[in-house]
Amino acid sequence: MSTRRALRLLDIPQIDDEHREIIKAILKFRAHIVAGKGWLEQYSVMDELEQKVQLHFRVEEHLMQIYRYPNMEKHVFEHGEYSCLLREVKERLLRQPPTTVTADFLLNWWFQHISDFDQGYADWFSKMLTSLEILSRNAQNENAMGSGI
């Protein structure tokens, strides 16, 4: 499997940066597997990945609450599924060495999640911000007209 794949950007700088960092951590985990690094090094990378993912999920979920994203429940469910998967991979590391198939699955999940789920909230946020900008301009115009300007 090729690990070279274009990362879809959502035009939300913090989220795009977090996605890049998570992808880098997964690729680092994969590189450790290919290089035959020990379980402690692999576990350390998985621990780092899990921390990045949990922070990222909290940020996304907070933004979804702020913007009242209508598909939040389904999105949060997906986050929970991936969190469980990461814990399982970490626990399995203690019993048996991982394969690149595991790392590839973790990586593919991200690309798919960004395309199928994250793009949805990015579009919603953009729509909400556009609506707020229009409302703000209308209010400014009404104020300007009401003040005789």
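I began with a definition: a nonpolar core is a set of buried Ala, Val, Leu, Ile, Met, Phe, Trp, Tyr and Cys residues joined through side-chain atoms within 4.5 Å. Buried means under 20% relative accessible area, with a 1.4 Å probe and protein chains only.

I noted that this is a predicted model, in which local features need pLDDT of at least 70 and side-chain atom pairs count only at pLDDT 80 or more, while totals for chains, interfaces and linings use all residues. Residues are numbered from 1 along each chain as its sequence is written, and side-chain values use heavy atoms, without hydrogens and water.

Entry 1, the core. I looked up the largest nonpolar core and found 34 residues, of which Phe29, Leu49, Tyr82, Leu106 and Trp110 touch the most other members. Two or more residues come from each of α1, α2, α3 and α4 (100-146); helices are DSSP runs of H or I, at least four residues, numbered from the N terminus. The most, 10 residues, come from α4.

I read an angle of about 160° between α1 (residues 13-35) and α2 (residues 39-66), with axes 9 Å apart; angles run from 0 to 180 degrees between N-to-C directions, and axes are lines fitted to C-alpha atoms over the stretch in contact. Therefore α1 is roughly antiparallel to α2 (an angle over 145 degrees). For α2 and α3 (residues 72-93), I read about 170° and 10 Å between axes, so this pair is also roughly antiparallel.

Terms used. Parallel < 35°, antiparallel > 145°, perpendicular 65-115°, else oblique. Buried < 20%, exposed > 50% of the residue type's maximum accessible area, 1.4 Å probe, protein only.
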